[in-house]
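Please have the structure open as you read.

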Amino acid sequence: MKYVVFSIDIEDWFQVENLKNRIQYHEWGLKESRIDESTRVVLEILKRRNIRATFFILGWIAERKPALVKEIASQGHEIASHGYKHELLHKIDDSTVESDIRKSVEILRPLSRSKIVGYRAPSFSITKTATGVLKAMNFAYDASLNDFQFNRRYGKIATYDRTSRTDGEAVSWTILENDLIEFPISVNTYLTIYWPLGGGYFRLSPMWFIRKQLRDIFRKSDIVSIYLHPWEFDPGQPRLKSLSANYYFRHYYGLGKTADKIDNLIKLVKNFPDVKIKTFGEMAKILARRV
Ligand SMILES: [Zn+2]
(Lines give C-alpha, C1' and ligand atoms only; values in the text may rest on other atoms or scores of the structure.)
Protein backbone atom coordinates (compact mmCIF):
# COMPACT_ATOMS: atom_id res chain seq x y z
CA MET A 1 0.00 0.00 0.00
CA LYS A 2 1.19 3.52 -0.87
CA TYR A 3 0.02 6.72 0.77
CA VAL A 4 -0.25 10.29 -0.42
CA VAL A 5 -0.54 13.29 1.90
CA PHE A 6 -1.57 16.71 0.62
CA SER A 7 -0.58 19.58 2.91
CA ILE A 8 -1.44 23.26 2.76
CA ASP A 9 0.48 25.90 4.72
CA ILE A 10 -2.00 28.60 5.68
CA GLU A 11 -0.39 32.03 5.56
CA ASP A 12 -1.35 35.17 3.66
CA TRP A 13 0.51 36.43 0.59
CA PHE A 14 2.35 39.11 2.61
CA GLN A 15 3.73 36.66 5.20
CA VAL A 16 6.02 34.84 2.84
CA GLU A 17 9.74 34.77 3.63
CA ASN A 18 10.73 36.03 0.16
CA LEU A 19 8.76 39.24 0.79
CA LYS A 20 10.02 39.78 4.33
CA ASN A 21 12.48 42.57 3.59
CA ARG A 22 9.64 44.50 1.91
CA ILE A 23 6.80 43.75 4.36
CA GLN A 24 7.66 43.40 8.03
CA TYR A 25 5.73 41.79 10.85
CA HIS A 26 4.35 45.07 12.24
CA GLU A 27 2.88 45.88 8.79
CA TRP A 28 0.92 42.63 8.40
CA GLY A 29 -2.26 44.09 9.88
CA LEU A 30 -2.26 46.89 7.29
CA LYS A 31 -2.19 44.62 4.27
CA GLU A 32 -5.17 43.36 2.27
CA SER A 33 -5.98 39.89 3.53
CA ARG A 34 -6.76 37.41 0.76
CA ILE A 35 -6.53 34.23 2.81
CA ASP A 36 -10.29 33.55 3.00
CA GLU A 37 -10.76 33.58 -0.76
CA SER A 38 -7.54 31.79 -1.66
CA THR A 39 -8.09 29.06 0.96
CA ARG A 40 -11.61 28.50 -0.37
CA VAL A 41 -10.19 27.87 -3.84
CA VAL A 42 -8.12 25.07 -2.30
CA LEU A 43 -11.02 23.75 -0.19
CA GLU A 44 -13.25 23.66 -3.26
CA ILE A 45 -10.75 21.52 -5.21
CA LEU A 46 -10.30 19.11 -2.28
CA LYS A 47 -14.07 18.85 -1.81
CA ARG A 48 -14.73 18.25 -5.50
CA ARG A 49 -12.13 15.47 -5.53
CA ASN A 50 -13.35 14.17 -2.16
CA ILE A 51 -9.99 14.19 -0.40
CA ARG A 52 -8.79 15.43 2.96
CA ALA A 53 -5.53 17.23 3.63
CA THR A 54 -3.39 18.52 6.50
CA PHE A 55 -3.54 22.29 6.99
CA PHE A 56 -0.55 23.79 8.82
CA ILE A 57 -2.06 27.05 10.01
CA LEU A 58 -0.20 30.14 11.17
CA GLY A 59 -1.41 31.22 14.62
CA TRP A 60 -1.51 34.88 13.54
CA ILE A 61 -4.05 33.94 10.85
CA ALA A 62 -6.11 31.65 13.10
CA GLU A 63 -6.41 34.43 15.70
CA ARG A 64 -7.93 36.75 13.08
CA LYS A 65 -9.81 34.16 11.02
CA PRO A 66 -11.34 31.68 13.49
CA ALA A 67 -14.29 31.02 11.16
CA LEU A 68 -11.91 29.95 8.41
CA VAL A 69 -10.15 27.48 10.71
CA LYS A 70 -13.50 26.06 11.80
CA GLU A 71 -14.58 25.77 8.16
CA ILE A 72 -11.41 23.83 7.29
CA ALA A 73 -11.93 21.52 10.29
CA SER A 74 -15.62 21.03 9.51
CA GLN A 75 -14.69 19.68 6.09
CA GLY A 76 -12.73 16.89 7.74
CA HIS A 77 -9.22 18.24 7.20
CA GLU A 78 -6.51 18.00 9.83
CA ILE A 79 -5.62 21.22 11.66
CA ALA A 80 -1.92 21.41 12.47
CA SER A 81 0.47 24.15 13.56
CA HIS A 82 2.68 26.39 11.43
CA GLY A 83 3.74 28.37 14.53
CA TYR A 84 2.47 31.86 15.30
CA LYS A 85 4.75 34.49 13.78
CA HIS A 86 6.54 32.74 10.91
CA GLU A 87 10.04 33.53 12.14
CA LEU A 88 12.89 31.31 10.98
CA LEU A 89 13.59 29.01 13.92
CA HIS A 90 17.37 29.23 13.64
CA LYS A 91 17.14 33.02 13.98
CA ILE A 92 15.26 33.08 17.29
CA ASP A 93 16.27 31.81 20.74
CA ASP A 94 15.02 28.56 22.26
CA SER A 95 12.45 30.09 24.57
CA THR A 96 10.98 32.13 21.69
CA VAL A 97 10.69 28.94 19.61
CA GLU A 98 8.77 27.34 22.44
CA SER A 99 6.44 30.30 23.07
CA ASP A 100 5.76 30.69 19.33
CA ILE A 101 4.67 27.05 18.99
CA ARG A 102 2.74 27.10 22.28
CA LYS A 103 0.84 30.26 21.30
CA SER A 104 -0.21 28.76 17.96
CA VAL A 105 -1.51 25.63 19.67
CA GLU A 106 -3.48 27.65 22.23
CA ILE A 107 -5.25 29.44 19.38
CA LEU A 108 -5.74 26.42 17.12
CA ARG A 109 -6.80 23.85 19.74
CA PRO A 110 -10.26 25.31 20.57
CA LEU A 111 -10.99 25.91 16.86
CA SER A 112 -10.08 22.39 15.83
CA ARG A 113 -12.22 19.46 16.91
CA SER A 114 -9.18 17.42 17.78
CA LYS A 115 -5.77 17.67 19.39
CA ILE A 116 -3.00 19.46 17.48
CA VAL A 117 -0.42 16.73 16.83
CA GLY A 118 1.55 18.06 13.85
CA TYR A 119 3.88 20.92 13.09
CA ARG A 120 5.61 22.46 10.09
CA ALA A 121 8.36 25.03 10.69
CA PRO A 122 8.27 28.37 8.85
CA SER A 123 10.22 28.00 5.59
CA PHE A 124 11.19 24.48 6.70
CA SER A 125 13.65 26.03 9.20
CA ILE A 126 13.41 23.10 11.61
CA THR A 127 16.03 22.76 14.36
CA LYS A 128 16.88 20.06 16.88
CA THR A 129 15.69 22.34 19.68
CA ALA A 130 12.31 22.71 18.01
CA THR A 131 11.87 18.95 17.65
CA GLY A 132 12.57 18.70 21.41
CA VAL A 133 9.91 21.34 22.11
CA LEU A 134 7.43 19.44 19.93
CA LYS A 135 8.10 16.19 21.76
CA ALA A 136 7.73 17.87 25.16
CA MET A 137 4.41 19.35 24.00
CA ASN A 138 3.14 15.89 22.95
CA PHE A 139 3.18 16.47 19.22
CA ALA A 140 3.17 13.21 17.25
CA TYR A 141 5.09 14.46 14.22
CA ASP A 142 7.02 17.19 12.47
CA ALA A 143 6.78 17.68 8.69
CA SER A 144 9.51 20.25 8.08
CA LEU A 145 12.54 18.59 6.60
CA ASN A 146 13.26 19.77 3.06
CA ASP A 147 16.36 18.33 1.42
CA PHE A 148 16.63 20.81 -1.46
CA GLN A 149 20.27 21.86 -1.03
CA PHE A 150 20.27 25.47 -2.22
CA ASN A 151 17.99 27.24 0.23
CA ARG A 152 19.85 28.32 3.35
CA ARG A 153 16.65 28.84 5.31
CA TYR A 154 15.90 25.13 5.37
CA GLY A 155 16.84 23.47 8.62
CA LYS A 156 19.01 20.41 8.99
CA ILE A 157 18.40 17.80 11.64
CA ALA A 158 20.16 14.49 11.95
CA THR A 159 17.63 11.84 11.08
CA TYR A 160 18.97 9.12 8.86
CA ASP A 161 22.08 8.33 6.93
CA ARG A 162 21.98 10.90 4.16
CA THR A 163 24.64 9.08 2.17
CA SER A 164 22.13 6.33 1.52
CA ARG A 165 20.10 8.84 -0.47
CA THR A 166 22.62 9.66 -3.18
CA ASP A 167 20.71 7.49 -5.62
CA GLY A 168 17.72 9.77 -5.18
CA GLU A 169 15.93 7.53 -2.76
CA ALA A 170 12.98 9.40 -1.32
CA VAL A 171 12.80 8.71 2.40
CA SER A 172 9.19 9.22 3.30
CA TRP A 173 9.28 9.09 7.09
CA THR A 174 11.71 8.51 9.89
CA ILE A 175 11.70 8.36 13.68
CA LEU A 176 13.87 10.99 15.36
CA GLU A 177 16.02 10.04 18.35
CA ASN A 178 13.40 11.51 20.69
CA ASP A 179 10.70 9.30 19.06
CA LEU A 180 9.00 12.15 17.21
CA ILE A 181 7.98 11.10 13.70
CA GLU A 182 9.49 13.19 10.91
CA PHE A 183 7.79 13.36 7.52
CA PRO A 184 10.29 14.98 5.13
CA ILE A 185 9.04 16.77 2.03
CA SER A 186 9.03 14.30 -0.84
CA VAL A 187 12.01 14.86 -3.10
CA ASN A 188 13.59 13.07 -5.96
CA THR A 189 17.10 13.58 -7.29
CA TYR A 190 17.65 14.95 -10.77
CA LEU A 191 21.22 15.79 -11.81
CA THR A 192 22.22 15.60 -8.09
CA ILE A 193 19.56 18.14 -7.07
CA TYR A 194 16.93 17.08 -4.54
CA TRP A 195 13.81 18.45 -6.20
CA PRO A 196 10.82 18.78 -3.83
CA LEU A 197 7.21 18.06 -4.76
CA GLY A 198 5.42 21.27 -3.84
CA GLY A 199 5.55 25.04 -3.53
CA GLY A 200 7.60 27.01 -6.03
CA TYR A 201 9.18 23.77 -7.30
CA PHE A 202 5.70 22.56 -8.24
CA ARG A 203 4.84 25.86 -9.96
CA LEU A 204 8.11 25.78 -11.89
CA SER A 205 7.70 22.19 -13.04
CA PRO A 206 5.64 21.43 -16.14
CA MET A 207 2.94 18.80 -15.74
CA TRP A 208 4.86 16.12 -17.67
CA PHE A 209 7.72 16.52 -15.23
CA ILE A 210 5.44 16.37 -12.18
CA ARG A 211 3.95 13.12 -13.54
CA LYS A 212 7.45 11.68 -13.89
CA GLN A 213 8.46 12.95 -10.44
CA LEU A 214 5.42 11.34 -8.86
CA ARG A 215 6.18 8.00 -10.53
CA ASP A 216 9.87 8.23 -9.52
CA ILE A 217 9.04 8.97 -5.88
CA PHE A 218 6.36 6.27 -5.74
CA ARG A 219 8.90 3.69 -6.91
CA LYS A 220 11.12 4.33 -3.89
CA SER A 221 8.86 5.55 -1.17
CA ASP A 222 5.67 4.41 0.49
CA ILE A 223 4.50 7.91 1.43
CA VAL A 224 4.41 10.80 -1.01
CA SER A 225 3.73 14.24 0.43
CA ILE A 226 2.88 17.36 -1.53
CA TYR A 227 2.73 20.90 -0.13
CA LEU A 228 1.28 24.19 -1.37
CA HIS A 229 0.08 27.55 -0.02
CA PRO A 230 -3.25 29.30 -0.75
CA TRP A 231 -1.42 32.36 -2.19
CA GLU A 232 -0.02 30.04 -4.88
CA PHE A 233 -3.60 29.73 -6.18
CA ASP A 234 -4.11 33.52 -6.31
CA PRO A 235 -2.85 35.24 -9.48
CA GLY A 236 -4.74 38.41 -8.47
CA GLN A 237 -2.65 39.10 -5.36
CA PRO A 238 -0.86 42.47 -5.10
CA ARG A 239 2.49 42.46 -6.90
CA LEU A 240 5.49 44.01 -5.19
CA LYS A 241 7.47 45.63 -7.98
CA SER A 242 10.40 46.39 -5.71
CA LEU A 243 11.35 42.74 -5.18
CA SER A 244 14.62 41.41 -6.53
CA ALA A 245 14.23 39.61 -9.87
CA ASN A 246 15.03 36.33 -8.13
CA TYR A 247 12.35 36.70 -5.45
CA TYR A 248 9.83 38.14 -7.93
CA PHE A 249 10.22 35.09 -10.14
CA ARG A 250 10.04 32.65 -7.23
CA HIS A 251 6.92 34.22 -5.73
CA TYR A 252 4.86 34.99 -8.82
CA TYR A 253 5.78 32.33 -11.38
CA GLY A 254 2.92 30.10 -12.50
CA LEU A 255 0.26 31.30 -10.02
CA GLY A 256 -2.47 31.08 -12.65
CA LYS A 257 -1.84 27.40 -13.29
CA THR A 258 -1.60 25.97 -9.76
CA ALA A 259 -5.30 25.10 -9.42
CA ASP A 260 -5.43 23.13 -12.69
CA LYS A 261 -2.11 21.42 -11.98
CA ILE A 262 -3.05 20.25 -8.50
CA ASP A 263 -6.41 19.05 -9.80
CA ASN A 264 -4.56 17.05 -12.48
CA LEU A 265 -2.17 15.68 -9.89
CA ILE A 266 -5.04 14.53 -7.66
CA LYS A 267 -6.66 12.73 -10.60
CA LEU A 268 -3.33 11.12 -11.39
CA VAL A 269 -2.77 10.00 -7.79
CA LYS A 270 -6.25 8.52 -7.63
CA ASN A 271 -5.53 6.43 -10.74
CA PHE A 272 -2.46 4.77 -9.20
CA PRO A 273 -3.24 1.26 -7.93
CA ASP A 274 -3.15 0.67 -4.16
CA VAL A 275 -2.87 4.32 -3.18
CA LYS A 276 -4.68 5.87 -0.25
CA ILE A 277 -4.87 9.60 0.43
CA LYS A 278 -4.41 10.36 4.13
CA THR A 279 -3.60 13.26 6.44
CA PHE A 280 -0.25 13.35 8.25
CA GLY A 281 -2.11 12.82 11.54
CA GLU A 282 -3.62 9.61 10.18
CA MET A 283 -0.22 8.52 8.84
CA ALA A 284 1.34 9.09 12.28
CA LYS A 285 -1.26 6.73 13.77
CA ILE A 286 -0.64 4.10 11.08
CA LEU A 287 3.13 4.30 11.69
CA ALA A 288 2.72 4.18 15.47
CA ARG A 289 0.95 0.84 15.03
CA ARG A 290 3.76 -0.41 12.78
CA VAL A 291 6.77 0.36 15.01
ZN1 LIG B 1 5.06 29.21 5.81
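## Zinc site

The donor residues of the zinc ion follow the sequence spacing E-x70-H-x3-H. They are Glu-11 (OE), His-82 (NE2) and His-86 (NE2), coordinating at 2.0 to 2.1 Å. Donors here are N, O and S atoms within 2.8 Å of the metal (3.2 Å for Na, K and Ca); water is not among the atoms, so sites may look incomplete.

His-82 has 1% relative accessibility. His-86 has a relative accessible area of 2%.

## Basis of the model

This is a predicted model, in which local features need pLDDT of at least 70 and side-chain atom pairs count only at pLDDT 80 or more, while totals for chains, interfaces and linings use all residues. Residues are numbered from 1 along each chain as its sequence is written, and side-chain values use heavy atoms, with hydrogens and water left out.

## Cavities

The structure holds two cavities of 30 Å³ or more. A cavity is a set of points, on a 1 Å grid over the protein atoms alone, where a 1.4 Å probe fits but cannot get out; lining residues have an atom within 4 Å of a point. Points are joined across faces, edges and corners, and a volume is the space filled by probe spheres set on them.

The largest cavity has a volume of about 80 Å³. Strand E1 (2-10), helix H1 (35-48), strand E10 (223-228) and helix H9 (258-271) each give two or more residues to its lining. Helices (H or I, at least four residues) and strands (E, at least two) are DSSP runs, numbered from the N terminus. Among the lining residues are Phe-6, Val-42, Tyr-227 and Ile-266. By class, the lining of the largest cavity has 11 nonpolar, one polar and no charged residues. Nonpolar covers Ala, Val, Leu, Ile, Met, Phe, Trp, Tyr, Cys and Pro; charged covers Asp, Glu, Lys and Arg; the others, Gly among them, are polar.

The second largest cavity has a volume of about 30 Å³. Its lining includes the zinc donor Glu-11, along with Asp-12, Arg-34 and Trp-231. That lining has three nonpolar, one polar and four charged residues.

## Second largest pocket

A pocket is an open set of points with protein on both sides within 12 Å along at least five of seven lines. The second largest pocket has a volume of about 450 Å³. Of its 26 lining residues, Glu-78, Val-117, Gly-281, Glu-282 and Lys-285 are the closest to its centre.

Helix H10 (280-290) and strand E3 (78-81) each supply at least two lining residues. H10 gives the most, with six. The lining of this pocket divides into 12 nonpolar, six polar and eight charged residues.

Notes: Buried means under 20% relative accessible area, exposed over 50%, partly exposed in between (1.4 Å probe, protein chains only).
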